[in-house]
Amino acid sequence: MFFIGIMGIANKEKKLRVIPNLICKACGKLTSYRLVKTYKYFQLFFIPIFKWDERYMMISECCGSVFQLDKVQGEDLEHGKDSILNNLNMTIVEDNSCKTNILCYNCGKSVEARFEFCPHCGNKLR
Ligand SMILES: [Zn+2]
Ligand SMILES: [Zn+2]
């Protein structure tokens, strides 16, 4: 087939910005979120012709949980209207807050396994 590879559908994820000092809705920590926009697009001769299914996602840096924003709020955040942060309407898509914890051997507190340093005492865990 001659046309294979000339047209197709692809998924794209675009990182827009980082929003600091928000509480993670999954684990309750003060964290920052990455705002990303995902969409699908149809391309012809490697040129995107049109895109659809745009979604705004927020990914918390603390535990990597994924939230979906409604589109209006996503666009506002993309354009720096941080005043809406007090009134965010996020739906949790993937809750990663209950990943396995380990015990810090210095202070004995429970720490998320992905941490490099204990947040309670600063001890290096790995
Ligand atoms: Zn979290
Ligand atoms: Zn510790």
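These legends go with several close-up views of one predicted model. Residues count from 1 along each chain as its sequence is written, while chains are lettered from A and ligands numbered from 1 in the order in which they are written. Because the model is predicted, local features need pLDDT of at least 70 and side-chain atom pairs count only at pLDDT 80 or more, but totals for chains, interfaces and linings use all residues.

**View 1. Five strands make an open sheet.** Strands here are DSSP runs labelled E of at least two residues, numbered from the N terminus. Their order is β1-β2-β3-β4-β5, with antiparallel pairing; two strands pair if DSSP finds at least two bridges between them. At the edges sit β1 (7–23) and β5 (90–94), each pairing on one side only. From one strand to the next, the twist averages 30 degrees, with axes being lines fitted to C-alpha atoms and angles running from 0 to 180 degrees between N-to-C directions.

**View 2. β2 and β3 lie side by side, antiparallel.** Look for 11 bridges between β2 (residues 30–44) and β3. Pick out Y33 and you'll find its bridge partner in β3, S60.

View 3. The strands themselves are joined by 4 bridges. C63 is also in this loop; it counts as partly exposed because it has 19 C-beta neighbours inside 10 Å. (Buried takes 20 or more other C-beta atoms within 10 Å, exposed means 12 or fewer, and partly exposed is in between; C-beta atoms are placed from the backbone.) C27 is 36 residues from C63 in sequence, yet their C-alpha atoms are 7.3 Å apart.

**View 4. β4 shows its two faces.** In a regular strand the side chains alternate between the two faces of the sheet.

**View 5. L69 sits in the largest nonpolar core.** Such a core is a set of buried Ala, Val, Leu, Ile, Met, Phe, Trp, Tyr and Cys residues joined through C-beta atoms within 7 Å. This one has 6 residues: Y33, Y56, M57, M58, F67 and L69. β3 (47–60) and β4 (66–69) each give two or more, and β3 has the largest share, with 3. L69 stands opposite Y56, and its bridge partner in β5 is M90.
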